[in-house]
Amino acid sequence: MDRKIYAVCGPTAVGKTKFAIEIARFLGGEIVSCDSMQLYKYMDIGSAKPTADERAMVRHYLVDEIDPREPFSAAKYQKLARAAIDEIFNKEKVPVITGGTGLYLNAILYDMDFSAPPKNPDYRSRLYDEAEKQGPQAVYERLQKADPQAAERIHPNNVKKVVRALEAAESGTKVGDFSHDLKPVKDYEAILIGLTRERSLLYQRINERVDQLIEAGLLSEVKHLLEMGLTESDISMKGIGYKEIIGYYHGEYSLDEAVRLVKKNTRRYAKRQLTWFRRYETMKWFCISDYDSDEQCLEDIFLWLKKR
């Protein structure tokens, strides 16, 4: 198959942006972001969005495009991402997908129908009724028992996603589960590259990045978003780095505690990302820590790509 897409995957802070840009330049490609936070406007710092200089090096799609006040979903992402991939192919360039949102990557790789109606509308109504009367936590606790992995990914207050995950668990098809038969899309072949680092070094990079985000003005960015009318109830504000700073502004804890929570939650998120990406059987992994420099690792990746 001539139509190939290349996905550069890995945990947060591993270095995906740098590597994806170099791989795209090597392949003569353009980048489609697969990050659930970087697609939002006005959320530059907390999402560790590629800089203007980085985006000037290689065209990026689905970065800085969506108003955070608008509702957004994996279904909308799928539509936009596939349109971007088609546009890149039409320009006779190579699509390079990069980001850490596993469900969004699945939306590109597999025939996932997000518009399928519930198999049991009455069940959905009962769940919403329960959330209304007993609070979101009651329904969330049901999800923790039915599908602990989904519960780990979904915020307790995101009732819509909690209900969808419960419906999926009830039908025997868990959201994002790899155990059922996901059919790859036929429009292109996917080449998957996984990046990782030795755990202590990755965690050090995460901690350092959080400190850098604070220095770069994360507090001011969150304050501006709150002044725009966004709240902790908005999906866009549930991202790590935003929800913790909101808690600080609400007087729930000190700034030092907020920073500690951002670091802890980011490390936990990186662990979940690795668990997700390691389930792709065709992923070719490169441990950047095994090399003397990023450039040496890239050379190995380029040699591997030449054989594809």
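These legends accompany close-up views of a predicted model.

**View 1. Overall fold of the predicted protein.** The chain forms 13 helices and 6 strands. Its radius of gyration is 20 Å, close to the 19 Å that the globule rule gives for 308 residues, so the protein is as compact as a globular protein of that length. Along the principal axes, the C-alpha atoms fill a box of roughly 60 × 45 × 35 Å. Of the contacts between residues at least 6 apart in sequence, 73% join residues at least 24 apart.

**View 2. The largest nonpolar core.** This core has 49 residues. Val32, Tyr77, Ile97, Leu105, Ile108 and Tyr280 have the most contacts inside it. At least two core residues come from each of β1 (4–9), α3 (74–90), α4 (102–109), α10 (218–227), α11 (243–249) and α12 (255–277). Helix α3 supplies the largest share, 7 residues.

**View 3. Surroundings of Val32.** Neighbours within four places in sequence are left aside here.

**View 4. Another nonpolar core.** A core of 27 residues lies apart from the largest one. Among its members are Ile191, Ile206, Phe302 and Leu305.

View 5. The protein exposes about 15,800 Å². Carbon and sulfur atoms supply 46% of that area. Buried residues make up 48% of the 308 residues. There are 48 positive and 48 negative side chains. The centres of these two sets lie 3 Å apart.

Notes: Residues are numbered from 1 along each chain as its sequence is written. This is a predicted model: local features need pLDDT of at least 70, side-chain atom pairs count only at pLDDT 80 or more; totals for chains, interfaces and linings use all residues. Side-chain values use heavy atoms; hydrogens and water are left out. Helices (H or I, at least four residues) and strands (E, at least two) are DSSP runs, numbered from the N terminus. The radius of gyration is taken over C-alpha atoms; the globule rule is 2.2 Å times the number of residues to the power 0.38. Buried means under 20% relative accessible area, exposed over 50%, partly exposed in between (1.4 Å probe, protein chains only). Contact means heavy atoms within 4.5 Å. Accessible areas come from the Shrake-Rupley method with a 1.4 Å probe; for residues, only the protein chains shown count as cover. Lys and Arg count as positive and Asp and Glu as negative; His and the chain ends are not counted. The place of a charge is taken as NZ of Lys, CZ of Arg, CG of Asp or CD of Glu. A nonpolar core is a set of buried Ala, Val, Leu, Ile, Met, Phe, Trp, Tyr and Cys residues joined through side-chain atoms within 4.5 Å.
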